[in-house]
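Reader: Can you walk me through this one? I would like to start with how the chains go together and then look at some details.

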There are 2 protein chains.
Amino acid sequence: MQELIAKLSQMEGTHSPFENAVRELPIQVCRVFLDEKGRIRPAAFRETDCAVRCKNPERMAEIFPKTTAGHGYCVLEAFSSELPSKVTGKRVAVLFSGGPAAGGHNVIAGLKAALGRGNTLLGVKQGPKGLINGALFEITTESIQARLNTGGFDFLGTDRTKIKTPQQFEKVKDTVLRNKLDGLVIVGGDDSNTNAAYIAEYLEEQGIKCSVIGIPKTIDGDLAVGAHLPISFGYDTATKIYSELVGNLTQDAASAVKYYHFVKLMGRTASKITLEVALQTRPAVALISEEIAEKNMSLDDIVDHIVRVITERRLKGINHGVILVPEGLIEFIPEMRTLIQELNSVLGEYEKDIRDLPTLKNKQEFIYPLLSPQSAQLMASLPEDIEEMLILDRDDHGNVKVSQIETERLLIEKIRYKMSEVKRHPDKFFGQGPGKINATPEQIEKIQGTALSVQSHFLGYEGRSAKPTSFDASFTFNLGLTAGSLVLSGKSGYMAAVTEFYRGGKVLALPLAGLITVEMRKGKEEMVIEKSLVSLDSPAFKAFAQNRDKWAAEDRFNSPGPIQHWGPISRQLPLCVALDQDYPDFRDFELGEEHRITSEEL
Amino acid sequence: MQELIAKLSQMEGTHSPFENAVRELPIQVCRVFLDEKGRIRPAAFRETDCAVRCKNPERMAEIFPKTTAGHGYCVLEAFSSELPSKVTGKRVAVLFSGGPAAGGHNVIAGLKAALGRGNTLLGVKQGPKGLINGALFEITTESIQARLNTGGFDFLGTDRTKIKTPQQFEKVKDTVLRNKLDGLVIVGGDDSNTNAAYIAEYLEEQGIKCSVIGIPKTIDGDLAVGAHLPISFGYDTATKIYSELVGNLTQDAASAVKYYHFVKLMGRTASKITLEVALQTRPAVALISEEIAEKNMSLDDIVDHIVRVITERRLKGINHGVILVPEGLIEFIPEMRTLIQELNSVLGEYEKDIRDLPTLKNKQEFIYPLLSPQSAQLMASLPEDIEEMLILDRDDHGNVKVSQIETERLLIEKIRYKMSEVKRHPDKFFGQGPGKINATPEQIEKIQGTALSVQSHFLGYEGRSAKPTSFDASFTFNLGLTAGSLVLSGKSGYMAAVTEFYRGGKVLALPLAGLITVEMRKGKEEMVIEKSLVSLDSPAFKAFAQNRDKWAAEDRFNSPGPIQHWGPISRQLPLCVALDQDYPDFRDFELGEEHRITSEEL
């Protein structure tokens with residue numbers, strides 16, 4: 001025992017056996033980054049015949065005159081050249097922005113490999129905040145090698161500061177000048193990449209030669225640019241972890257035969273995570289926010305659908321299942337969105353009056369008449385505590401904290417109520433005729449006794465900082481190589497992109513300004529990179545829509561299992577990506593050559 | 001895309017690529033089950049010089065006269081012999097009881113392999129209920145081969161019926177006779193194995209020759225018999241899944257640097273799951289129920305400890321972490337246990353009066369005077385909703401639903417309150433002197449502003465029906481071989497056991513009656529197999545206790561990663577088991593020969 005306890009103490013503060021092993025795993029390196037001898041080197045870039053689809057080209061040209069000048073939103077493609085590897089003496093900084101995603105450390109490793117020993121890589125502590133405060137440190141070969149293939153953003157840290165004010169831009173400029181930066185790489189989501197576009201423009205306008213490059217990160221998968229960038233990094237790892245767990249829950253439901261598991265899945269806006277997990281696990285029900293919005297479904301429509309599925313399964317003797325709910329659902333239900341908008345304006349206008357009213361009842365009496373009849377009716381139909389939360393919890397801007405609404409609990413409570421209705425008035429629900437469920441009196445009698453036992457789960461944080469899958473590990477390393485190459489080529493205002501994950505791999509640079517569109521928020525213009533949502537015409541959604549009724553009718557669940565880093569099934573792409581990109585398979589992706597990264601290369 | 005959608009449809013209702021691959025994985029088979037040619041065959045059993053430590057031998061001899069006759073609780077050991085493989089024409093039934101655990105399907109595969117083609121294996125549907133109703137079906141080679149190494153109990157189903165009444169025993173007898181059973185294998189936890197002992201005795205007393213064998217299953221790990229049976233099956237898989245997720249959360253906490261994640265871990269009684277996960281991930285705090293009970297800690301002691309850890313980390317600039325809470329904590333806090341006992345008797349005695357009181361306030365006014373001052377004070381200190389739940393939610397016996405108490409929420413609310421106290425009266429907590437935290441006024445000033453952001457999680461169901469780890473897959477297959485061999489040797493009233501997981505593997509049979517002890521519950525005798533709890537003298541607990549202060553002081557977290565079924569780290573034992581069994585390492589366990597199971601063997 002002393003022997004083993006000693007071993008454990010040696011391990012203290014070091015990596016686990018797993019982490020030590022994954023650091024040795026090879027990575028697929030895109031061929032443009034390999035010389036004839038198969039050694040890593042940065043690539044050069046040339047213009048292609050293809051431009052990104054910019055929705056407001058003129059407006060963007062006004063806002064980003066410098067960075068858009070000349071190239072007309074042209075997509076750049078990498079090609080193999082030894083020129084960039086001759087560039088030396090450059091100083092490049094990298095930062096993480098927003099929530100963690102698997103593969104961040106490999107982005108840095110790729111950057112370091114692209115810059116080589118002749119240039120310097122600096123890390124910015126705590127994201128944009130650190131950039132403003134000038135908290136930079138040099139990244140050594142040893143420190144990044146120790147983190148190769150590991151998860152988390154803990155090497156640099158991250159935060160959500162948005163660089164907006166002139167003062168903030170001033171401070172960024174100071175940091176760039178004080179550290180003599182020739183390049184700045186921002187790893188983040190749509191907001192952070194929009195920010196990158198502004199910083200690139202600002203620095204050029206200030207006559208400072210510093211390449212600003214964005215790297216597409218978000219587990220939600222809503223930062224994607226069609227065939228140019230099928231997905232952002234972190235999505236594959238997160239969805240595989242959620243699929244492992246949901247797969248286990250489907251199997252557990254079918255084993256214990258008494259629970260419905262309601263699983264809320266991370267993703268504030270797009271339902272891409274839910275769609276991927278549904279394709280991987282085949283649950284009884286999976287709600288897709290984009291479909292609910294497009295079909296203008298009401299909260300009751302959704303509840304009715306689920307109650308119908310549960311009831312029809314009961315008639316078959318199945319009293320268990322798994323139901324997937326996307327985190328962002330509420331705001332995609334048109335009537336809820338309207339209610340929240342009305343509430344925000346009412347609560348904004350009468351904030352003090354409402355605050356002064358003693359009881360919730362008083363507040364309700366005050367608010368209801370100020371809402372539209374539909375919204376008042378909807379609000380009255382919500383569970384008491386949800387209503388209370390809508391009225392009392394406000395964010396810093398005085399708005400309803402939509403993200404705080406426990407969507408799955410809201411659904412469960414309304415489903416319970418609806419089920420009790422089915423019990424009280426079976427004739428309303430069973431029998432012949434449109435929308436009615438066909439069942440014999442004996443069947444109805446038989447199922448009326450069964451109780452609805454529910455377990456609810458929220459899967460999110462578990463999937464953000466995991467070790468990257470083999471795909472995310474390779475994808476991110478190549479994104480880092482791409483960003484480093486772009487800096488060495490003196491390009492600025494681009495987002496690094498890797499595509500064609502099957503039989504090849506292709507390296508691109510997308511002009512950030514071309515990805516930005518104008519959105520009207522509360523009456524004023526806001527520049528944003530449009531979120532990539534689930535399209536109901538996409539092959540991935542169609543594959544789901546074609547099969548979901550079978551999955552609802554009876555157990556067809558599937559267990560994809562835990563992420564494997566070794567063995568026959570360690571190279572799977574997200575099903576959504578394989579389907580939407582029209583790949584022949586989702587197994588055995590190929591981004592380039594299998595390559596074991598050596599310390600000489602970092 | 002059609003190509004891939006077609007592939008997906010083919011996969012409909014079949015296994016995932018992962019499941020197809022794991023079915024091909026080899027299993028370690030204990031050498032006593034292999035003949036000279038390395039083919040699987042059942043083993044024979046002989047008595048050892050060792051008996052199990054029976055606490056009430058005389059009482060057990062009274063209750064189990066038949067099954068205890070002669071052998072004095074002697075442990076049997078398997079030895080290699082071709083005799084049992086000559087036995088043919090036997091009919092054996094197997095059932096699952098209680099919650100799922102990883103490896104159940106491999107128990108059946110092992111049983112089938114032991115019985116060979118000459119005997120018949122039947123599956124009992126829906127656990128003990130199915131045994132009473134006589135719901136049996138024959139298990140074919142194809143059906144079990146398709147489930148080799150897969151998770152879940154869905155092949156047979158399970159339930160929690162306890163076989164108690166004479167009528168139930170009668171029906172079991174009918175099932176045994178009608179199906180001409182020579183053997184009955186019950187896969188379950190402490191209750192189910194106690195049940196197995198009673199059924200064995202009953203059938204023998206009825207003059208029915210049917211071997212009843214128990215198999216130790218429970219993810220909680222609280223069914224264990226020292227060196228004879230270091231652990232029950234399912235524990236390794238469940239703790240590895242929870243460790244993967246907690247490891248990810250520690251990494252996420254250190255990346256996002258703003259959350260404390262409170263993770264409640266399944267385990268109604270023992271904290272063995274929490275202890276293993278703590279050793280694997282090194283969180284800031286891990287509560288061990290057994291320690292809290294033994295040290296007679298109060299709820300406030302626990303809260304004070306956590307607040308102290310959080311505060312001292314803040315002084316170092318660390319404002320994040322992970323805190324592990326065992327599901328069964330509440331009942332191990334002596335003062336809470338007393339309060340619940342008092343509440344149960346008061347609520348029992350005055351049920352109607354209390355029900356008739358209109359408001360919660362009235363009920364409180366009625367109940368408080370009937371409690372001891374200490375309990376009344378404690379109850380008054382609990383959050384309103386928890387108090388309400390204690391008074392209003394009762395189980396079928398009218399008792400407080402302890403399992404429903406949201407322990408982690410209770411802790412979080414009390415911690416928040418305590419933190420606000422620290423803020424209001426810093427002098428009480430900081431400064432010189434015993435128990436005070438040493439900090440400069442500037443430091444105190446600096447941390448007082450920081451808010452406590454909390455995320456709470458419950459990990460349980462995700463870990464019960466997963467694919468078994470390589471250890472659980474081998475362990476369960478050998479337990480099945482053991483049970484099958486015992487039936488063919490005509491032994492009854494034993495629990496199958498495999499031990500010495502390192503460099504060998506040893507196969508035993510433990511007399512069930514000898515494991516049972518008398519417990520007084522509500523004044524009357526109850527026969528139970530004593531739960532195996534965390535011992536504060538155990539090497540595993542000591543290893544935890546030796547290191548936890550370091551883990552509390554600063555981030556020392558560890559990410560064990562997802563379960564690997566291929567590659568260099570796919571053969572790890574639970575750390576707790578390796579430490580307590582004094583193995584030189586927890587990697588590369590060895591139960592026997594690597595063996596790929598063929599259809600001929602099933």
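Predicted model: local features only at pLDDT ≥ 70, side-chain atom pairs only at ≥ 80, totals over all residues.

Reader: How is chain A related to chain B?

Author: Chain A superposes on chain B by a rotation of 180 degrees, with 0.0 Å of shift along the axis and an RMSD of 0.1 Å. That is the relation of a two-fold axis.

Reader: And which surface do the copies meet through?

Author: The copies meet through the same surface, because 100% of the interface residues of chain A are also interface residues in chain B.

Reader: How many residues are in contact there?

Author: 78 residues of chain A are in contact with 78 residues of chain B. Together the two chains bury about 6400 Å² between them. Carbon and sulfur atoms account for 57% of that area.

Reader: What about polar contacts and salt bridges between chain A and chain B?

Author: There are 30 residue pairs in polar contact between the chains, counting pairs with both residues at pLDDT 80 or more. The count of salt bridges between chain A and chain B is 2. Asp252(A) forms a salt bridge with Arg464(B), and their closest N and O atoms are 2.7 Å apart.

Reader: Which elements of chain A give residues to that side?

Author: Those giving two or more residues to the side that touches chain B include helix H1 (2-11), helix H11 (235-256), strand S10 (259-265), strand S13 (453-459) and helix H26 (539-553) of chain A. H11(A) gives the most, with 10 residues.

Reader: Switching topic: what domains does chain A have?

Author: The domain assignment gives domain 1 (12-231 + 468-521 + 567-601), domain 2 (235-327 + 406-464 + 532-557) and domain 3 (331-401). The C-alpha centres of domain 1 and domain 3 of chain A lie 43 Å apart.

Reader: What does UniProt list for chain A?

Author: An unreviewed UniProt entry lists "domain: Phosphofructokinase" for residues 91-343 of chain A. That span is 48% helix and 17% strand, and its end C-alpha atoms lie 50 Å apart.

Reader: How many salt bridges are there over all chains?

Author: A search of the whole structure finds 64. One of them joins Glu62(A) to Arg59(A), with the closest N and O atoms 3.0 Å apart.

Reader: Where do Glu62(A) and Arg59(A) lie?

Author: Both lie in helix H3 (residues 57-63) of chain A, 3 residues apart, about one turn of the helix.

Reader: Last one, over in chain B: where is Arg571(B)?

Author: Arg571(B) is in the loop between helix H25 (539-553) and helix H26 (575-580) of chain B.

Reader: And what does Arg571(B) touch?

Author: Leaving out residues up to four places away in sequence, Arg571(B) touches Gln28(B), Ser470(B), Phe586(B), Arg587(B), Asp588(B), Phe589(B) and Glu594(B). With Ser470(B) there is a side-chain to side-chain polar contact of 3.3 Å.

Conventions:
Residues numbered from 1 in each chain as written. Chains lettered and ligands numbered in written order. Heavy atoms only, no water. Least-squares fit on C-alpha atoms with pLDDT ≥ 70 in both. Contact = heavy atoms within 4.5 Å. UniProt positions renumbered as here; feature names shortened; annotations may be inferred. Helix = DSSP H or I, 4+ residues; strand = E, 2+ residues; numbered from the N terminus. Domains from an automatic or database assignment. Buried area = accessible area lost by both parts, 1.4 Å probe. Salt bridge = Lys/Arg side-chain N within 4 Å of Asp/Glu carboxyl O. Polar contact = N/O pair within 3.5 Å; in protein donor to acceptor, adjacent residues only side chain to side chain.
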